[in-house]
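Subject: Structure for you to look at

Hello,

I am passing on a structure that you have not worked with before.

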Amino acid sequence: MTDLSKLPGVDPEVPNAARMYDYYLGGSHNFAADRAAAERVKSAMPFAVDVARANRFFMIRAVRFCVQEGIDQFLDLGSGIPTVGNVHEVALGINPQARVAYVDNEPVTVASAAALLEGEPRVTITMADIRDVDAVFAAPGVRDLLDLTRPVALLMVAVLPFIPDEDDPAGLAERYRSRLAPGSFQVLSHGSADQDSSGTAAAAEVYRRTANPVKARTRSEIAEMLRGTELVEPGLVDATEWRPEDTTGGQHRMMLAAVGRIR
Ligand SMILES: C[S@@+](CC[C@H](N)C(=O)[O-])C[C@H]1O[C@@H](n2cnc3c(N)ncnc32)[C@H](O)[C@@H]1O
């Protein structure tokens with residue numbers, strides 16, 4: 001097994017959002033600095049683990065919804081370190097013909113996904129910065145896997161908080177949507193700045209000193225990221241309230257989530 005801390009582009013001393021998220025979800029692809037930073041976030045926001053889990057479970061339900069709507073292609077931006085309920089496992093579990101293109105810019109994420117996906121022709125992982133839309137669509141893992149003349153589910157799950165205002169996250173979402181066929185879906189979740197401002201501010205301060213400063217945003221800013229889509233029921237809601245299947249996860253109102261149909 002490769003020593004993940006020695007991968008090019010990895011500084012195990014600098015906490016990283018992908019590996020902190022892996023730690024919240026109980027994964028093992030994280031280093032001491034990631035765990036220490038994640039523990040500081042948990043002190044500021046004791047329900048940080050619940051939020052991460054609620055986000056992940058929302059994503060799983062949303063992927064299932066998309067497959068049931070006939071979607072068999074997924075573009076997952078900021079896909080994260082493989083963990084419970086990976087998109088391809090959920091999608092291919094229902095439709096073995098589904099295809100999934102993962103994209104992330106964190107080397108441990110890409111290496112662990114590549115190892116997991118070896119010998120899996122229907123699923124790719126591409127190392128790219130999602131702000132470079134042309135590079136994402138030109139990458140072989142995306143270009144050769146997805147047929148953009150047919151609908152795609154575009155996943156932007158807990159990734160746009162890492163895109164700063166100056167990079168215009170709503171405009172970025174728009175640029176992705178504009179490449180997709182009518183009948184595609186956008187799946188979005190984003191940290192909400194409307195609640196618990198002291199906890200979120202303290203957590204943001206921890207992230208400010210990581211490789212990935214994070215920004216929670218207001219409901220109207222998050223709604224802008226779905227501009228022009230037709231939101232499926234129940235609209236833009238707390239992640240725990242999006243078509244819930246059970247009552248686990250609690251309702252901390254820290255993560256807004258929605259699925260929009262692209263017209
Ligand atoms: C909180 S994780 C979310 C993972 C997964 N989408 C989920 O919700 O379970 C955020 C992911 O976005 C990735 N990320 C952040 N900024 C990115 C960028 N500019 N380009 C590509 N990936 C990015 C991180 O590396 C990390 O894996």
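Which of the 19 residues around the ligand come nearest? They are Tyr21, Arg56, Gly78, Asp104 and Val157. Please keep in mind that this is a predicted model.

For Ile130, a backbone N or O atom is 3.0 Å from a nitrogen atom of the ligand. On its own the ligand has 600 Å² of accessible area, and the protein covers 97% of that.

By class, the residues of the shell around the ligand are 9 nonpolar, 5 polar and 5 charged.

As for where the ligand is found, it sits in the largest pocket. That pocket has a volume of about 920 Å³. It is lined by 48 residues, and the closest to its centre are Ala17, Ala158, Pro161, Phe162 and Val214. The lining divides into 30 nonpolar, 11 polar and 7 charged residues.

At least two lining residues come from each of α1 (17-24), α3 (48-68), β2 (99-104), β5 (185-191) and α9 (197-208). The largest share, 6 residues, is supplied by α3.

Regards

How values were computed
Residues are numbered from 1 along each chain as its sequence is written. This is a predicted model: local features need pLDDT of at least 70, side-chain atom pairs count only at pLDDT 80 or more; totals for chains, interfaces and linings use all residues. Side-chain values use heavy atoms; hydrogens and water are left out. On a 1 Å grid over the protein atoms alone, a cavity is a set of points where a 1.4 Å probe fits but cannot get out, and a pocket is an open set with protein on both sides within 12 Å along at least five of seven lines; lining residues have an atom within 4 Å of a point. Grid points are joined across faces, edges and corners, and a volume is the space filled by probe spheres set on the points. Helices (H or I, at least four residues) and strands (E, at least two) are DSSP runs, numbered from the N terminus. Ala, Val, Leu, Ile, Met, Phe, Trp, Tyr, Cys and Pro count as nonpolar, Asp, Glu, Lys and Arg as charged, and the others, Gly among them, as polar. A residue is near a molecule or strand if one of its heavy atoms lies within 4 Å of it. A polar contact is a pair of N or O atoms within 3.5 Å; within protein, one must be able to donate a hydrogen and the other to accept it, and residues adjacent in sequence count only if both atoms are side-chain atoms. Accessible areas come from the Shrake-Rupley method with a 1.4 Å probe; for residues, only the protein chains shown count as cover. A molecule sits in a cavity or pocket if more than half of its atoms lie within 2 Å of its grid points.
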